[in-house]
Amino acid sequence: MLSLKIDGGVVGVISTLTLWSILSFFVYLAGLTIYRLTLHPLAKYPGPFCAKITDWYSVYQAYSGDRHLSFAYNHEKYGPVFRYGPNSLSFNTNTALKSIYGGKPNVEKSQFYSVFPPKKELFSIHSAIDKVAHGRKRRVLSHAFSETAMKGMEKYILENVRILCDKLGNHPALKEKAAGEWGPALNMSDWCNYLTFDVMGELAFGKTFNMLENDEERDVIKLVANASWMHLILGTYPMIKTLGLNKILFGEIYKRRMQYMAYSKVQFEKRMKVGLETDRKDFFFYLLNARDPETGRGFTMPELLGESNLMIIAGSDTTSTTLASAFFYLVYNPHTLQKMADEVLSTFSDVEDIRHGPTLNSCVYLRAVVDEAMRISPPVGGMVPRRVLPGGLDVDGFHIPEGIDVGIAAYPLHHNPNYFNAPEKFIPERWISDSMPGITKETVALANSAYTPFSIGNRACIGKPLAYDEVMMTLARVVFMYEFRLAPGTSAGEGRPELAWGRHNREEYQLKDAFTSFKDGPYIQFRARVQENGLQEIAE
Ligand code: HEM
C-alpha cells in the first residue's frame, strides 16, 4: 500500500516535473523569439520571419538544394543585406565582398565549418577555423600547387582528357561514317564527373578511379556529393550534429557520407603503402615531403588523410560543374561555340599542342567562356560564412558586432544587375574589353570586382590554377576534335517553371546547392571535325 503510494507519488512528481520542463521550454522559446525579434543586435535587419527566429530556416533551405536561389530571391526582396539566420547576415555588394574576405578582415571561418571533419583530428586546410592552424596548412600545401608542381601534374590531367576525348567520339556511327554523323546523346554531367574524379583520384590517391573506362567505381560520385550535402546541412546548424540528430533526421545522406569516408580511408592507406617509393609527382608526393618553412613541421597521418579526403570533394565536383555548365551554355548559344572554336583552331595546329602554358592562356575567348559559365552557374553558389571577431567589422556602413556570421553567396552577387548588365544572359564578351559595344575597361573591372567563384582573400581556393588548366585544356581539346550540339528533344539542366523561388530561365544551367553542386545534363551529341581550315556549319 505504502510502496504503491510512494510509487504513485513518484510518478506524480515526474509528471509534474515533465510538465514544468515542457512549459519552461516553451517559455524559453517564446522569450528567445521575442528577444531575437526585438533586442537582438540584428533585430533591425530585414529578412524572412522564420530566418530571424531560427536556424531551422537555413537547415530547410540547405536540405532543399535551392539555398543559392533563396539567397537571390531574398536579396531581390530585402535589398543588399538581409538576415538569413538569427545571428547571420548575407550581403550582396562588391564592397561587402572586399570587407568580409579581402585583405585581412577581422573575421575567421564560422562554426559552419566545424562539422566538416568527421573527427576533430581530421580537420583540413578548408575546415581549419583557427587562423594560425590554417596559415601553417596553407604554407605546407602551397608546395603542392606551385608552378613546378602544376607542370608535373599536367601529365595525369592530359592522360585522362585524352581518354575523355576518345570516349566522346568512340561510337559506331563515327567509326563507320568517319564524319558527318552525329553520335549518341551523352549526359555531360556524367562525363565531366568521370573525367574530374579520375584526375583527382590520380592526384590525391595515386590511382585513377577509372570511371571514364568502366562503371565499377562510379557510385563514388554520389557518395562524395552526399558528403558535401551533409556538411552543408549540418553546417547551417551545428547543434544537429552535437545532439546526434544527423543520423535520425538525415539517415540516408549521413550513411553515404560515412561510406565515402570509409572508402577514402582505404584509398589513402593504399597510397601510404607506396609512400615516396615512386616517381609520381602527385599531391601525395608534395604533402608527404612538404615542410612549413616557418616551423619545419609537415603533416601528421590524420592530417594527410583529411587533406586527401578534402581534395577529392573540393577538386572534382567543382571542376566538373564548371565544365558541364560551359558545355551547356555553348550549345544553347551556338554563336559563342563558333567563336570559341575559331579561336582554338586558329591558335593550335595539333591537338597535342594544347597543354598548360602561355599559348593556351592566350585564348582569351575560351577563358571568357569559362568565366561566364562560372558567373551564371557558380559551382559553389551558396554562402561561405565568416564569424566576426572581437572588435567587430564594418561592412557597407553597418557595424557588425563580434560573434555574428556574415558572408556573400556567389549566386546572387553574380546575378546583381549593378555589376552585370543583363545578368541572366550568357555573354562571354563581358570579360573582354572593347569586344563589343558597351564593354570597356571600366565595365570589365566592375564585373571583376563582384566575381567570386573561387572566393577571394587568404581563404580563397588554392586549386584555382589547376582548375583553370583542367577546364581549359579539356574544352580546347574537345572543340579542336569535335563539333557538338544539344541533342534534339532533350532539356536536362534547363530552368523549369516548377523550380523554387521564381527562377526558371530556360537557358540557365540549373544546379542544386549542396555546398558544391548536384547537376544533370546537358545531353550533347558529337561528331568529328572534318575540315582542316574553318568550321563546318553546325546543323540544327
Ligand atoms: C572550378 C573549380 C573550383 C571552384 C569553383 C572552387 C571554389 C572554391 C571556393 C569558393 C573556395 C572557398 C570555400 C570556402 O570559403 O568555404 C575554395 C576553397 C578551396 N579549394 Fe577550390 N574550387 C575549385 C577547384 C579546386 C581544386 C581543383 C582544388 C584542389 C585540387 C581545390 C581545393 C580547394 C581548397 C584546398 C580550398 C580551401 C582553401 C583554404 O581554406 O585555404 N579547389 N574553392
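Asn210 lies in the loop between H9 and H10. In this predicted model, Asn210 has a positive phi of about 65°, although it is not a glycine. Asn210 counts as partly exposed because 17 other C-beta atoms lie within 10 Å, and a residue needs 20 or more to be buried.

The phi of Phe515 is near 75°, a positive value in a residue other than glycine. Phe515 is found in the loop between strand S10 (512–514) and strand S11. Phe515 has 27 C-beta neighbours inside 10 Å and so counts as buried. The loop that runs between strand S11 (516–518) and S12 holds Pro522. The peptide bond between Gly521 and Pro522 is cis, with omega of about -5°.

Strand S12 covers residues 523–528 and is mostly covered, with five of its six residues buried. Strand S4 (residues 186–187) runs antiparallel to S12, and two bridges join them. Leu186 stands opposite Ile524 of S12. Strand S9 (residues 482–486) is likewise antiparallel to S12, through five bridges. Here Arg485 faces Gln525 of S12 as its opposite residue.

A further set of strands forms an open sheet. Its five strands follow the order S1-S2-S8-S5-S3, and the pairing is mixed. Strand S1 (81–85) and strand S3 (107–109) stand at the edges; each has a single partner strand, so one side of each is left without a neighbour in the sheet. From one strand to the next, the twist averages 35°. S1 and strand S2 (residues 88–91) run antiparallel and are joined by four bridges. Within this pairing, Ser90 in S2 is the bridge partner of Phe82.

The helices were examined next. Helix H13 comprises 24 residues, 251–274. At 1.5 Å a residue, H13 should span 34 Å; its end C-alpha atoms are 36 Å apart, which agrees. The buried residues of H13 are Ile253, Arg256, Arg257, Tyr260, Ser264, Gln267, Phe268 and Arg271. Several helices contribute to their cover. These include helix H9 (188–205), helix H10 (220–236), helix H14 (283–289) and H15.

Helix H15 (301–332) and helix H21 (464–481) each supply at least two residues of the shell around the ligand. The largest share, seven residues, comes from H15. The ligand has 22 residues around it, of which Gly315, Thr318, Cys461, Gly463 and Ala467 come nearest. By class, the shell comprises 13 nonpolar, seven polar and two charged residues.

Met340 gives a view of the packing around another helix. Met340 is found in helix H16, which covers residues 334–347. Met340 counts as buried because 23 other C-beta atoms lie within 10 Å. Residues up to four places away in sequence aside, Met340 touches Leu330, Tyr365, Leu366, Val369 and Val479. Met340 and Val369 are 29 residues apart along the chain. Their C-alpha atoms are separated by 7.9 Å.

Key: Residues numbered from 1 in each chain as written. Predicted model: local features only at pLDDT ≥ 70, side-chain atom pairs only at ≥ 80, totals over all residues. Near = placed C-beta within 6 Å. Nonpolar A, V, L, I, M, F, W, Y, C, P; charged D, E, K, R; others polar. Expected span 1.5 Å × (residues − 1). Buried ≥ 20, exposed ≤ 12 C-beta atoms within 10 Å, placed from the backbone. Contact = placed C-beta atoms within 7 Å. Pairing = 2+ DSSP bridges. Axes fitted to C-alpha atoms, helices over the stretch in contact; angles between N-to-C directions.
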